[in-house]
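Student: I would like to go through this structure one question at a time. Please end each answer on the value or name I ask for.

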Amino acid sequence: MKWTILGSGGCMVIPKPLCRCRVCREARERGVPYARAGPAAFLHDINLLIDTPAEIVSLLNRSSVDRVDYLTFTHLDPDHVEGLRVVEQIALDFRTWRAYPEKQVRLLLPQQLSKDIREIRSRYGSLIDFYRESGFIRLTLFQDDVQIGDVRITAIPVDRGSQPAFVYAFEKSGRRVVKDSLQHQALPGASR
Ligand SMILES: [Zn+2]
């Protein structure tokens, strides 16, 4: 499996805006990988984006990713979903204000997140409803696991107290990679 860790800074960006500490000054001077953004990862094998922090448009643009077919979320805290509008940036056809059909993103979501995802709103209402109506997103809910091409994705619920959150296991050709909500990567066999 080929992975790109797009952002590994957790819920904070480095450099922090306005901060003049040594770490932030170094990150400003030396750039990536000292400069780190919010949580996001990409699995090239199936063009799957995991999480959309506020910086996701810039993270994608500085990466080698040229296509997003699938999107999923580990959980729905703001630092993981603030950049959801990236699906509109990717798919919007200005001539029709609808999606280019071939640029639609399929959102793979554990059943347990199906109610909460609708709570992500703009002043016009639920973002996900709007994105589905406009064709930017197609929603696929799954229970426990889902097979995409030759990759099997298993959603493992973890206890975060107030809300459902997931660790994902990705399996392909006998190799397994586990991702948690900070985009840490566990178990050997992963390439980045
Ligand atoms: Zn700092």
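Student: Which residues does isoleucine 153 touch, not counting residues up to four places away in sequence?
Tutor: This is a predicted model, in which local features need pLDDT of at least 70 and side-chain atom pairs count only at pLDDT 80 or more, while totals for chains, interfaces and linings use all residues. Residues are numbered from 1 along each chain as its sequence is written, and side-chain values use heavy atoms, with hydrogens and water left out. Contact means heavy atoms within 4.5 Å. With residues up to four places away in sequence set aside, isoleucine 153 touches Ile46, Leu48, Leu108, Phe142, Asp144, Asp145, Val146, Ile148, Tyr168, Ala169 and Phe170.

Student: Which residues have the most contacts inside the largest nonpolar core?
Tutor: A nonpolar core is a set of buried Ala, Val, Leu, Ile, Met, Phe, Trp, Tyr and Cys residues joined through side-chain atoms within 4.5 Å. Buried means under 20% relative accessible area, exposed over 50%, and partly exposed in between, with a 1.4 Å probe and protein chains only. The largest core has 51 residues, and those with the most contacts inside it are Leu48, Phe73, Leu84, Val87, Ile153 and Phe170.

Student: What is the strand order of the open sheet of six strands, and which are its edge strands?
Tutor: Strands (E, at least two residues) and helices (H or I, at least four) are DSSP runs numbered from the N terminus, and two strands pair if DSSP finds at least two bridges between them. The sheet is open, has mixed pairing and runs β1-β2-β3-β4-β7-β10. Pairing on one side only marks the edge strands, β1 (3-7) and β10 (137-142).

Student: Which residue of β10 is the bridge partner of valine 105?
Tutor: Strand β7, residues 105-110, pairs with β10 in the parallel sense over six bridges. In β10, the partner of valine 105 is isoleucine 137.

Student: Which residue takes a positive phi in the hairpin of β13 and β14?
Tutor: β13 also pairs with strand β14 (residues 175-179), in the antiparallel sense and over five bridges. Tyrosine 168 has lysine 179 as its bridge partner in β14. Two residues lie between the strands of this hairpin, and the positive phi, near 50 degrees, belongs to serine 173.

Student: Which residues coordinate the zinc ion?
Tutor: Donors are N, O and S atoms within 2.8 Å of the metal (3.2 Å for Na, K and Ca); water is not among the atoms, so sites may look incomplete. The donor residues are spaced C-x1-C-x2-C in sequence. At 2.2 to 2.3 Å, the SG atoms belong to Cys19, Cys21 and Cys24.

Student: Why does cysteine 21 count as partly exposed?
Tutor: Cysteine 21 is one of the residues coordinating the zinc ion. Cysteine 21 counts as partly exposed because its relative accessibility is 35%.

Student: With which side chain does the side chain of arginine 118 make a polar contact?
Tutor: Arginine 118 is in the loop between β7 and β8 (121-122), and is in contact with Ser126, Ile128 and Asp129, leaving aside neighbours within four places in sequence. A polar contact is a pair of N or O atoms within 3.5 Å; within protein, one must be able to donate a hydrogen and the other to accept it, and residues adjacent in sequence count only if both atoms are side-chain atoms. The C-alpha atoms of arginine 118 and aspartate 129 are separated by 7.1 Å, at 11 residues apart along the chain. At 2.5 Å, the side-chain partner of arginine 118 is aspartate 129.

Student: Is glycine 38 buried or exposed?
Tutor: Glycine 38 is found in the loop between α1 and β2. Leaving aside neighbours within four places in sequence, its contacts are Gly7, Ser8, Gly10, Val13, Pro53, Glu55 and Leu59. With a relative accessibility of 5%, glycine 38 counts as buried.

Student: Where is the cis peptide bond that involves proline 33?
Tutor: Proline 33 lies in the loop between α1 and β2. Omega is about 5 degrees for the cis bond, which joins valine 32 and proline 33.
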